[in-house]
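Please look through the sequence and the model below. Then read on for a short tour of the spaces, the sheet and a few single residues.

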Amino acid sequence: MSLRQLVIDAWSWLNYKPVMADAGRPGSRAFPELAKTWVPPHELRRLAAYKVLASYDNNQAGQLAAAGGDASALERRELGDAANLVDTALGYLLGSEQKVAVEGAEHADEVTPRPGAVEAAAVQDRLRKWADKELLTFRVQQAERAAVLLGDSVMVLAWNPEKQRPTLRVYDPGFFFPQWGDEDEDFPSRVHLAWELPADDDAGLTARVRRVTYELGPISEDGESGEDGAAAAGRRYPWEPGRTSNMTCYLTDAEWLLEDLKNGETLDRLPMDKAAYRVRPDGTELNRLDLLIDFVPVIHIANTIPDGGEHWGRSILARVLQALDELAATDSDSSAASATTGTPIIGLAGARLPVDRATGKPQELQVKAGAVWQLGETGRMDALDTSPQLAELRARVDHLLERIAANSRVTAAGLGTLEATEVPSGYALKLALGPLDALIGMMRLAREHKYRLLFKMVQRLYQAGRAEGWAAGETLPARLAWAPHTPTDRGAVLEEVVKAYGAGVLSLETAVAMLLEAGYPIKDASQEVERIRAKAEQEAAVRMAEAAARRGREEGEDQEEDDGSASAGVGKVSEREPVEAGR
């Protein structure tokens with residue numbers, strides 16, 4: 001390979017794979033679907049990388065290599081190490097749960113709520129109800145597993161007039177084809193979702209390609225002003241009531257027959273005169289349908305923070321893919337060595353071989369339990385011992401697993417391969433998990449803005465759909481709150497919170513938030529704060545009542561003592577009076 005042929009891009013870590021060189025070649029046995037005329041040439045490497053990564057996840061990397069011409073790859077032993085690494089990283093990323101949190105909502109239950117806190121709490125409650133109805137936790141896990149495995153994932157929002165709420169759908173990143181312009185740094189103004197529909201002979205349908213396009217463009221001049229505020233000059237959107245915009249998002253959903261496409265008619269150049277547009281249930285043709293929003297409701301999630309000038313994420317398997325190949329090769333060698341160890345190769349000298357009565361030829365000896373071989377006086381039996389080689393191969397497997405854990409930053413402690421006796425203290429375990437903490441922090445940072453954008457779009461779709469309870473106004477910032485990814489010392493956190501709150505250096509809201517992050521089963525922080533304050537007020541009222549009753553009893557006892565003293569004094573005087581009178 002010359003320097004001119006050396007490719008360094010977001011998927012150059014796959015250059016060592018021979019099948020990657022054939023990704024865009026017509027007639028490729030490994031990637032036959034990428035040779036279609038509608039696939040843009042610059043997308044071939046990305047789509048090929050997705051297929052290679054998916055093969056590792058399904059223990060089919062050997063089959064893919066064999067399809068590329070390596071016949072010996074069919075003997076490869078793949079035992080699920082790649083899928084285990086992906087699922088482990090995904091579990092740490094997601095934590096035990098995820099919640100929708102709106103900034104300021106935690107102050108709504110205070111005695112004197114902060115400005116906007118009540119509104120934030122109401123929006124948070126409505127977003128959480130939407131998340132429950134749309135199975136947000138399930139959708140997030142769908143999207144995030146694809147992002148961790150492939151490096152990218154795609155989520156699409158759409159307003160459903162029947163359900164009166166935005167719907168959320170997860171797409172394979174191989175269907176995602178953004179059209180980046182010169183001025184599009186973070187968000188493309190045009191996005192294609194495209195995939196091939198196979199032929200259906202029973203239904204009489206030939207192979208087709210379907211393309212769903214979201215595109216930002218000027219509001220058409222034939223727009224009529226009405227309740228939505230649209231006009232030829234522009235439109236006022238409910239989330240920006242004081243500003244007029246002349247941009248809107250158009251939706252086009254169409255199909256093309258593969259036989260009608262010619263060379264050069266790629267995804268962004270499909271002939272519109274041969275398109276068959278889809279129709280909504282209400283009869284509306286999806287040909288540049290005005291969605292009445294000024295944004296593209298497509299969210300692209302990258303697993304890592306892209307390099308400058310790049311837009312795609314990197315798989316968790318990217319930097320350890322060759323180590324996974326080495327591990328599969330070692331497992332294959334171990335399987336072969338274990339066969340000769342369990343059923344060793346035996347050499348016999350001076351043995352009397354049994355004769356087959358039918359053919360008169362000596363029979364082959366078999367190594368099995370209960371076998372008896374007759375040896376002559378000078379006979380000898382030698383067995384080939386391959387157990388030392390098997391032990392070395394097992395040690396190499398452990399070494400490769402340690403390298404994979406270290407280079408992927410999931411760590412041996414994170415993968416669960418670290419022996420408990422090797423961790424002398426909790427502080428040592430914390431240090432061992434340091435790379436994992438940094439990895440999860442980076443992965444969550446790469447997603448922070450995307451989920452904020454998702455909830456902003458959800459609120460604006462509710463406003464555009466004029467749903468009940470969603471008035472016009474500025475969109476409130478909301479985010480996806482993640483649970484801790486590693487176990488915490490809840491006892492130490494509780495002791496710290498009790499001391500700090502008792503000393504008055506922490507507010508009750510902050511104390512409850514710390515307990516929530518530590519993993520205590522608190523469903524809602526604001527409700528927990530309200531319950532704690534109500535219980536404190538109740539206990540204070542009981543203490544005041546008990547103190548009042550105690551003071552009443554003490555005053556009563558003092559009064560009785562005073563009355564008794566007065567009575568005793570009168571009796572003494574009456575006894576002395578006769579004496580004094582006698583005197």
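## The second largest pocket

The lining of the second largest pocket divides into 17 nonpolar, 9 polar and 12 charged residues. Here Ala, Val, Leu, Ile, Met, Phe, Trp, Tyr, Cys and Pro count as nonpolar, Asp, Glu, Lys and Arg as charged, and the others, Gly among them, as polar. The volume of this pocket is about 1,000 Å³. Of its 38 lining residues, Ala481, Ala513, Leu516, Glu517 and Ala525 are the closest to its centre. A pocket is found on a 1 Å grid over the protein atoms alone: it is an open set of points with protein on both sides within 12 Å along at least five of seven lines, whereas a cavity is a set of points where a 1.4 Å probe fits but cannot get out; lining residues have an atom within 4 Å of a point. Grid points are joined across faces, edges and corners, and a volume is the space filled by probe spheres set on the points.

Which elements supply at least two residues each to the lining of the second largest pocket? They are strand E1 (98-102), helix H5 (117-133), strand E15 (478-482), helix H12 (490-502), helix H13 (508-517) and helix H14 (525-582). H13 gives the most, with 6 residues. Helices (H or I, at least four residues) and strands (E, at least two) are DSSP runs, numbered from the N terminus.

## How to read the model

This is a predicted model: local features need pLDDT of at least 70, side-chain atom pairs count only at pLDDT 80 or more, and totals for chains, interfaces and linings use all residues. Residues are numbered from 1 along each chain as its sequence is written, and side-chain values use heavy atoms, with hydrogens and water left out.

## The largest pocket

The largest pocket holds about 1,200 Å³ of space. It is lined by 34 residues, and those closest to its centre are Ala158, Trp159, Pro161, Leu251 and Arg280. Two or more lining residues come from each of E2, E3, strand E5 (190-197), strand E6 (208-218), strand E9 (247-257), strand E11 (289-290) and H11. E2 gives the most, with 5 residues. By class, the lining has 22 nonpolar, 3 polar and 9 charged residues.

How many cavities of 30 Å³ or more does the structure hold? The count is 1. About 130 Å³ of space lies in the largest cavity. Its lining has 14 residues, with Glu78, Asp81, Ala82, Leu324 and Ala328 nearest the centre. Helix H4 (81-94) and helix H7 (321-342) are the elements that give two or more residues to this lining. H7 has the largest share, 4 residues. The lining divides into 7 nonpolar, 2 polar and 5 charged residues.

Strands of a sheet pair through backbone hydrogen bonds, either parallel or antiparallel. Here 3 strands form an open sheet in the order E3-E2-E12, with antiparallel pairing. Strand E3 (165-171) and E12 stand at the edges, each with a single partner strand, so one side of each has no neighbour in the sheet. The twist averages 25 degrees from one strand to the next.

Strand E2 (residues 152-160) pairs with E3 over 7 bridges, in the antiparallel sense. Two strands pair if DSSP finds at least two bridges between them. Leu157 stands opposite Leu168 in E3. Helix H11 (residues 434-464) lies across E2, E3 and E12, and runs at about 165 degrees to E12. Axes are lines fitted to C-alpha atoms, for helices over the stretch in contact, and angles run from 0 to 180 degrees between N-to-C directions.

Is Trp312 buried or exposed? Trp312 is buried, because its relative accessible area is 12%. Buried means under 20%, exposed over 50%, and partly exposed in between (1.4 Å probe, protein chains only). Trp312 sits in the loop between strand E12 (298-302) and H7. Beyond its neighbours within four places in sequence, Trp312 is in contact (heavy atoms within 4.5 Å) with residues including Trp11, Arg46, Asp152 and Phe176.

Gln164 lies in the loop between E2 and E3. Its phi is near 55 degrees, a positive value in a residue other than glycine. Gln164 counts as partly exposed, because its relative accessibility is 38%. Thr411 also has a positive phi, near 70 degrees. Thr411 is in the loop between helix H8 (387-408) and helix H9 (412-415). Thr411 is buried, with a relative accessible area of 8%.
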